[in-house]
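Welcome! Please open the structure in your viewer and get ready to select a few residues and strands as we go.

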Amino acid sequence: PGDEILLKRGGRWEGTLHPLGSGTSEKPIHLGAYGEGARPFIDGGPGPAVLIHNQDAWVIEGLEVTNNKDSKQDALKVWADPRWPHYRFIRIRDCVAHDAGGSGIHVGDGTYGNYDDVVIEDSVSYNNQDSGIFIQGKDYAEVRHLAIRRSVAFGNGWDGIKIYSGRDGVIEYCTAYRNGWKQDARVGIWCWNSENIVIQYCESYENVTPGVHDGGGFDIDWSCSQCVI
């Protein structure tokens, strides 16, 4: 807890960075950058560029991440196996994720477990095969205390910015555009299977759907309750 892993600005690395260990909410582990120049660049190749798995309390900021477009892997991936209480406290700030084979920034998974207390801020995710920025649980309103703020998602094959199976969350001051070119039923900014999610002060435009099924700029969908745009 409280340790720092800092990558030199202007540097480039290949392969998956999977640092181990957990922090605490009072003393998270910090993965970030030092020096001057461009963000540290990590190309995951066939896997994620950055992976956090079954670990509490990480702050990840100031990185640029990508991987192979045919990898079917997220560029920045944080996920957990089943545990109660959930793993918790993830902060992702000022990161750029692009051209990945899966989603750009993805916290959680469609299995049990995953993360509470997740904040993604001031980040950009573009030209990924799947979604731009994605926080996910499995069951209705399973993961709690979530926020996506001041972030941009564009040119992604699926959705722009979304929360699945979340509770007590906000998406605010975000922009999503030109997403949805790869799959039907995709949306710029939305929540699904969630409770008490607020989407506010956002802009969403020129999102598309390639076939006959629905798509849109904003949505509250499938078993949501007490959600507001």
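Start by selecting Ile189: it stands opposite Phe218 in E23. Now widen the selection to strand E20 (residues 187–192), which runs parallel to E23 and is joined to it by 5 bridges. Strands here are DSSP runs (E, at least two residues), numbered from the N terminus, and two strands pair if DSSP finds at least two bridges between them.

A word on what you are viewing: this is a predicted model, in which local features need pLDDT of at least 70, side-chain atom pairs count only at pLDDT 80 or more, and totals for chains, interfaces and linings use all residues. Residues are numbered from 1 along each chain as its sequence is written, and side-chain values use heavy atoms, with hydrogens and water left out.

Next, show the whole sheet around your selection. What is the order of its 7 strands? This open sheet reads E5-E8-E11-E14-E17-E20-E23, with parallel pairing. Strand E5 (50–53) and strand E23 (216–221) are at the edges; each has a single partner strand, so one side of each lacks a neighbour in the sheet.

Now move to strand E12 (residues 115–121). Here 7 of the 7 residues are buried, so the strand is largely enclosed by the rest of the structure; buried means under 20% relative accessible area, with a 1.4 Å probe and protein chains only. Pick Arg88 and you will find its bridge partner, Asp116, in E12.

Finally, select strand E15 (residues 143–149): 4 bridges join E12 to this parallel strand. Val119 has its bridge partner, Ala147, in E15.

Terms used:
Buried means under 20% relative accessible area, exposed over 50%, partly exposed in between (1.4 Å probe, protein chains only).
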